Amino acid sequence: MQSVKPALQSTENDGRAFPLLSTIASEKWFIGAHIFVALAALSIGILLGPYQAFRRAPAFLLQIDLPVFSYYYQALTAHGVLNALVFTTFFIMGSSYFVVQRSLQRPLKSMQAAWVAFWLMTVGLLMAAFAIITGQASVLYTFYPPMQAEWTFYLGLALVIVGTWVGLADVFATYFDWRKEHPGQKVPLAVYAILCNFAMWFTASLGVAIEVLFMLLPMSLGLIDTTDVQVARILFWFFGHPLVYFWLIPAYVSWYTMMPKQLGVRLFSDTMGRVVFLMLMIFSIPIGVHHLYVDPGVSEAAKFMHALLTFVVAAPSLLTIFNLAATLERSGRKRGATGLLDWMWKQPWGNPVIVSQFGGMILFIFGGITGIMNASFNLNVALHNTTWVVGHFHTTVGGAVFMTYIGMLYWMLPMLRGRKLFWRWAATLQAYLWLGGMLIFGGSMGRAGLEGAIRRTDLAGQGAYISDAVAPWLNMSAFAGFLLLISAVLLYVVVIGTLFFSKEESENVAPLATEGPKDEYAPGIFEKWNLWVVVIIGSNIVMWLPVLLSAVDLVNGFWAVGNPGAAR
Amino acid sequence: MHIERYEKLWIYAFVIMLAVFVAALMAGAILFNVRVPGSAGLINPANLDETAFANPGIHDMGDGNYEVYMVARMWSFQPSEIVVPEGAHVTFYVTSADVTHGFIIEHHNANLEVLPGVIGVTNTTFNTPGTFKLQCHEYCGRGHQMMHIDIIVEETEVALAANEE
């Protein structure tokens with residue numbers, strides 16, 4: 001790639017200047033701060049993974065006393081919260097700001113607001129982390145009541161969510177400014193995807209915000225005695241399933257819009273990409289009951305309706321397979337492939353940015369298939385809360401999402417730091433180790449689950465039960481944990497090396513598409529936000545209101561007038 | 001909107017695939033009666049003593065049908081052991097006296113979230129003799145891993161012999 005001199009391009013109306021390709025100092029600190037917090041949280045969360053794998057394996061039954069986190073369920077809470085909630089959220093906000101600013105060629109509407117969002121999230125993180133580390137919030141990252149955590153845990157999580165709301169409002173304001181100045185133009189695909197992601201996230205997070213602010217926080221402060229456990233679970237999973245798409249869409253943004261550039265080809269179909277993100281925005285929320293198939297207080301009819309729609313949300317991922325495979329075929333042909341399938345292996349297998357994303361895609365094949373199985377209504381009875389589910393989400397969020405984010409990191413970090421990636425070979429090795437480790441981990445946890453091993457259980461603890469059929473698979477998961485541990489150490493060697501020890505200057509370019517397609521094939525309906533807001537509100541009322549109503553009994557249940565448990 | 005020819009074929013293919021999946025799970029539910037568990041009503045967890053859960057245990061309903069009333073609390077199940085003959089069809093009514101618990105039986109399609117305030121109901125048939133663990137599968141505090149009981153399925157001859165003595 002040719003190095004490009006920083007060029008200044010002024011937007012037509014407001015006269016503000018934003019450099020076309022080179023990143024600027026304030027941007028580096030702003031994006032860098034998000035990535036720093038994400039990696040700091042991950043550094044603890046990621047190490048607690050192998051610790052648990054070792055502790056659950058009969059060959060080890062590790063009984064070491066860590067200075068903190070010696071209590072298995074405390075470590076498990078920290079692992080989930082730090083990796084799946086904190087690392088992801090900070091990385092998503094940081095990378096989304098980066099993509100929006102670069103693609104639209106303009107700074108965020110308000111940098112002050114974006115920094116306020118960052119500090120809200122950071123203070124929230126510290127409050128939740130304080131509660132977890134002091135052992136006052138060992139409630140796991142699903143925090144089902146009536147088990148209670150210290151109030152700082154709930155308020156901290158609420159602040160993280162409110163912080164994302166401020167940030168996403170800023171992104172939408174930036175987009176609407178751009179929209180006014182560019183009538184008739186399509187927004188670049190990457191930005192379209194991020195807008196879809198934020199619209200979906202805002203809607204979904206209302207559920208958990210209501211649960212935390214009106215049910216859990218008052219209970220933890222002693223304002224109410226008890227709460228409706230089933231309703232809390234419904235509100236949580238209104239949020240919980242879209243949450244996994246909130247993680248996934250930024251990975252898709254990388255696959256759809258960054259990876260083609262990194263491979264030197266064009267995306268096969270921009271329009272079908274838009275269809276995918278639109279479908280994810282709409283269909284990822286009204287399907288959350290597939291997490292509640294074995295809950296007693298949700299009607300079978302509601303469970304079945306959500307099962308049907310869950311199959312619809314598989315469609316965007318199946319469309320993605322075609323679009324990306326066709327794009328990778330272009331890449332392979334460019335690298336000399338001539339046969340029917342040889343484009344598959346004529347790819348840059350030594351480039352850590354690419355390999356990490358390929359690893360994510362390979363793991364997502366397994367994550368997607370196991371996900372369809374989990375969602376299959378009655379089949380879920382055989383799988384729910386077994387280690388099968390752990391295998392599933394370690395190939396999705398711990399596989400597709402994590403590996404793609406690390407690929408993005410290896411691409412963005414040299415740009416933000418201005419230095420080339422340190423020990424490129426180590427970064428590549430890190431990606432292969434993670435891919436191999438997670439394939440073994442996912443497979444062994446899945447198999448253990450089919451043999452009846454249950455998740456979230458301290459198998460080295462007093463009185464635990466491990467069957468003979470399960471033991472070898474748990475041992476194999478500990479072996480995978482060892483590979484993943486080496487991979488995690490390599491990751492931080494590369495990151496710290498790039499930040500402090502890399503000497504060579506990197507090219508200061510951010511090659512992201514700055515405009516959408518000009519042809520007639522991308523109809524303007526994709527950006528008819530009024531229409532999509534109505535569709536989102538309507539579909540969720542249709543799909544979720546019956547679920548809530550089936551769980552609430554105003555005559556006999558928790559919400560009945562005069563129930564002493566309801567309020568005091 | 002333009003969609004490439006091979007992409008159209010791919011879309012037809014996966015729509016058919018997903019339709020087959022849905023048909024399969026509906027066939028399982030309708031033809032083979034493999035259902036998701038449901039509710040047998042709401043209950044006040046503070047007043048279990050005034051309900052059918054006052055005396056948790058197994059009730060023989062005749063013709064190989066049994067009903068089990070079961071209470072989960074930190075960190076035990078009541079009853080603490082269940083013995084049934086081979087071929088027994090058992091309906092479980094399960095509720096919690098305190099926090100959220102879980103309910104899963106090894107190698108059987110019985111899986112429930114056990115919530116305070118709701119009576120969960122599920123059923124399964126024990127066709128194979130042996131001992132199967134019934135475990136709590138939802139984190140419920142420090143002693144969660146201790147929360148498992150045995151379901152002993154006796155061979156029919158043994159059960160008959162025991163009755164004759």
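**Note on the predicted two-chain model**

1. B:P79 sits in the loop that joins strand 4 to strand 5 (81-85) of chain B, where helices (H or I, at least four residues) and strands (E, at least two) are DSSP runs numbered from the N terminus. The peptide bond leading from B:Q78 into B:P79 is cis, with omega near 0°. A cis bond also runs from B:M74 to B:W75, with omega near -15°, and B:W75 belongs to the loop between strand 3 (65-73) and strand 4 (76-78) of chain B.

2. This is a predicted model, in which local features need pLDDT of at least 70 and side-chain atom pairs count only at pLDDT 80 or more, while totals for chains, interfaces and linings use all residues. Residues are numbered from 1 along each chain as its sequence is written, and chains are lettered from A and ligands numbered from 1 in the order in which they are written.

3. The contact between the chains takes 46 residues from chain B and 50 residues from chain A, two residues being in contact if their C-beta atoms, placed from the backbone, lie within 7 Å. On the chain B side, helix 1 (5-30) and strand 9 (118-126) are among the elements that give two or more residues, and helix 1 of chain B provides the largest share, nine residues. By class, this side of chain B has 22 nonpolar, 17 polar and seven charged residues (Ala, Val, Leu, Ile, Met, Phe, Trp, Tyr, Cys and Pro count as nonpolar, Asp, Glu, Lys and Arg as charged, and the others, Gly among them, as polar).

4. Chain A is assigned domain 1 (30-183), domain 2 (190-347 + 528-568) and domain 3 (356-513), with bounds that come from an automatic or database domain assignment. The C-alpha centres of domain 1 and domain 2 of chain A are 18 Å apart, and their contact draws 28 residues from domain 1 and 28 residues from domain 2. On the domain 1 side, helix 2 (72-104) and helix 4 (151-181) of chain A each supply at least two residues, with helix 4 giving the most, 12 residues. The residues of this side comprise 20 nonpolar, seven polar and one charged.

5. Because 23 of the 32 residues are buried, helix 5 of chain A is largely enclosed by the rest of the structure (buried means 20 or more other C-beta atoms, placed from the backbone, within 10 Å of the residue's own).

6. The largest nonpolar core has 233 residues, and A:I194 is one of those with the most contacts inside it; such a core is a set of buried Ala, Val, Leu, Ile, Met, Phe, Trp, Tyr and Cys residues joined through C-beta atoms within 7 Å. Beyond neighbours within four places in sequence, A:I194 is in contact with A:S96, A:V99, A:V100, A:V171 and A:V253.

7. Two residues of chain A deserve a backbone check. A:L140, in the loop between helix 3 (111-133) and helix 4, has a positive phi near 65° although it is not glycine. A:R456, in the loop between helix 11 (424-450) and helix 12 (471-500), has a positive phi near 55° and is likewise a residue other than glycine. A:L140 is buried, with 20 other C-beta atoms within 10 Å, and A:R456 counts as buried with 22 C-beta neighbours inside 10 Å.

How values were computed. A residue is buried if 20 or more other C-beta atoms lie within 10 Å of its own, exposed if 12 or fewer, and partly exposed in between; C-beta atoms are placed from the backbone.
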